[in-house]
Amino acid sequence: MTSINLSALSTLPAQQKAAFERGTFLVHVSSKLTVLCTGGIHTVAQLLLTSPQDAARKCRISPIEFKAAIEAVCRGCGDFQLQYLDDIKSEGDELFSTGDPEIDLALGGGIRTGMIWELVGER
Amino acid sequence: MISASGKTQLALQLSLFVQIAPDTGGLNGSCCYLTTSSKLPTQRLLQISQNRKALPPSSCSLDHVHTIAVPSIPLLLQVLSRTLKDFIQDSHTTGVKPVKLVVIDTLAELFHDAEKTTTATLVERSQKVAEIGSILHTLAAEYRIAIVVLNEVVDAFNRGRHCSDDKTDLSYNEQSRWFSRGDSVPGEDGKEASLGLGWANQVNARILLSRTGRRRYLVEPNMNRAKSQKIEVVSGQMSNTSVDLQAEDDDQSTLIRRFNVIFSSVSLPASLDFTVTESGISALQGTTTYPSAAPELFTLEEHVPEVSQRQDKGPVRPQGTPLEIRDHDTGPEELAQGSSVSDGVFPQDTEDEWDQYWENDEISSEAYLSVRDS
């Protein structure tokens, strides 16, 4: 959800678009879209993670206007289904054997991906 | 056999096992092996793959171990953030075997410089270490690969405890005792991982490999002298290791090494004995021990006020005498191993004699401590 492009929000299906409270969205995001893009804000994540002060400086809009844009997007995105942690497929669960069952056991099953493992020892 | 502690051996073994099929324990992946000062020991890699039954030539070959030299920190950063990233991306989209393992052998090597250690150089080191760590984490998470970084040990100095003036701050020594040192066998805590706590915070799991003074006679049919000497020639490593290899060969016993998971985000601390042979690394069956870290932490907390009151009397170890710690942590297992290795050289009642000796001992434990700490 957070990687959704802001420009894609305005081309959502009509049903979802209705949930965006069209008026607010159009005023605060669509018209500001080009402004936000020039400030380097293209995705919902970037919009939410940039502090209003920073954004105001980058995009040359007032912090109040920026906050309004955030609110509009949040309301629009609020329509998406909430995901439970159980539903999310566990990532980084891949693991491979070291070649020895006893060492695998001590490591919690083997060498797991997505992690930094350190081997320390004398030269 | 070749390296002193076996860390390169384990890394080589991993770069082969990552290639095998998922139903046999692998990931059907390939490996990128980054070397800082040495070259990839291809012959040794070949030897492990030939001597290991679990590594079929059909699914595991040197073609899937890619290597590049990164002799400096800027080069490492460049390779990690550009070259390697592109390579991994390509391997995930087009390649037969996607990259699933990246090895850096050895990171500490890049931080060996002649410059005198000052606060400024330490700060610079921390910054670089954090930068490397962050790139590695991004790679690991984004492409779901395992990163294995090899590190070296430095001597650990056991200064008196609580030597820091600032009582609210934990001293480096106090922290590194938990995160950089092993304590599964006596003498293991004499060395600690290098690169400091900044690096310790970057890794998800730290495994300490060390030599022990113990040896074992292994029954292995293909363990003949000619082959062992071949490795020695091929490796062309430092002279002291070749000497050691010779010694190992002469009395036909194999040095036992210690594998110690100091911390890990996916498993409990554990340690075990292992040996390095022609077929790579194998654990000695039934030697795994799990230290009971929890009670020790509890006693530390419990005794903290007492320690601060008694500070004027010199350093105090809240857990009691070092001997008690040894007993508590590794005593029974260690003794059991000792007797099995030495084939009954020590009779069963040795343990009781020692107990008696220490009971009759006139010198207080504080006296031992003061000698140890001075």
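**Entry 1: contacts along chain B.** I looked up how far apart in sequence the contacting residues of chain B lie, where contact means C-beta atoms, placed from the backbone, within 7 Å. Among contacts between residues at least 6 apart in sequence, 70% join residues at least 24 apart. I note that this is a predicted model, in which local features need pLDDT of at least 70 and side-chain atom pairs count only at pLDDT 80 or more, while totals for chains, interfaces and linings use all residues. Residues are numbered from 1 along each chain as its sequence is written, and chains are lettered from A and ligands numbered from 1 in the order in which they are written.

**Entry 2: chain B in outline.** I found 12 helices and 10 strands in chain B. Helices here are DSSP runs of H or I with at least four residues, strands are runs of E with at least two, and both are numbered from the N terminus. How much of chain B is buried? The share is 32% of its 374 residues. Buried means that 20 or more other C-beta atoms lie within 10 Å of the residue's own; exposed means 12 or fewer, partly exposed is in between, and the C-beta atoms are placed from the backbone.

**Entry 3: the sheet.** I then followed the strands. Two strands pair if DSSP finds at least two bridges between them. An open sheet of 9 strands, with mixed pairing, runs in the order β2(B)-β1(B)-β3(B)-β4(B)-β3(A)-β7(B)-β8(B)-β9(B)-β10(B). At its edges I see β2 (65-69) and β10 (280-283) of chain B; each has a single partner strand, so one side of each is left without a neighbour in the sheet. On average, neighbouring strands are turned by 25° against each other, direction ignored. Axes are lines fitted to C-alpha atoms, for helices over the stretch in contact, and angles run from 0 to 180 degrees between N-to-C directions.

Helix α1 (residues 7-17) of chain B packs on this sheet. Its direction makes about 165° with that of β3(B), and the strands that α1 touches include β3 of chain A and β1 (30-35) of chain B.

**Entry 4: where the chains meet.** The contact takes 27 residues from chain A and 54 residues from chain B. Which elements of chain A give two or more residues to the side that touches chain B? I list α7 (101-106), β2 (111-112) and β3 (116-121) of chain A. The largest share of that side, 6 residues, comes from β3(A). By class, the side of chain A has 11 nonpolar, 8 polar and 8 charged residues. Nonpolar covers Ala, Val, Leu, Ile, Met, Phe, Trp, Tyr, Cys and Pro; charged covers Asp, Glu, Lys and Arg; the others, Gly among them, are polar.

I checked how β3(A) joins the sheet on the β7(B) side: β3(A) and β7 (residues 205-217) of chain B pair in the parallel sense over 5 bridges. E118(A) stands opposite R206(B), and V120(A) stands opposite L208(B).

Entry 5: β7(B) pairs with β8 (residues 253-264) of chain B in the antiparallel sense over 10 bridges. S210(B) faces R258(B), and R216(B) faces T254(B). I count β8(B) as largely enclosed by the rest of the structure, because 9 of its 12 residues are buried. β8(B) also runs antiparallel to β9 (residues 270-277) of chain B, joined by 5 bridges; F259(B) has L272(B) as its bridge partner there. The two strands form a hairpin with 5 residues between them.

**Entry 6: one side of a helix.**

**Entry 7: backbone details.** I found a cis peptide bond between D105(B) and T106(B), with omega about 0°. T106(B) is in the loop between β3 (99-105) and α4 (119-143) of chain B. R144(B), which is not a glycine, has a positive phi near 50°; its place is in the loop between α4 and β4 (146-151) of chain B. L195(B), also not a glycine, has a positive phi of about 75° and sits in the loop between β6 (191-193) and α6 (196-200) of chain B. Buried or exposed? L195(B) is buried, with 25 other C-beta atoms within 10 Å, and R144(B) counts as buried with 20 C-beta neighbours.

Notes
Contact = placed C-beta atoms within 7 Å.
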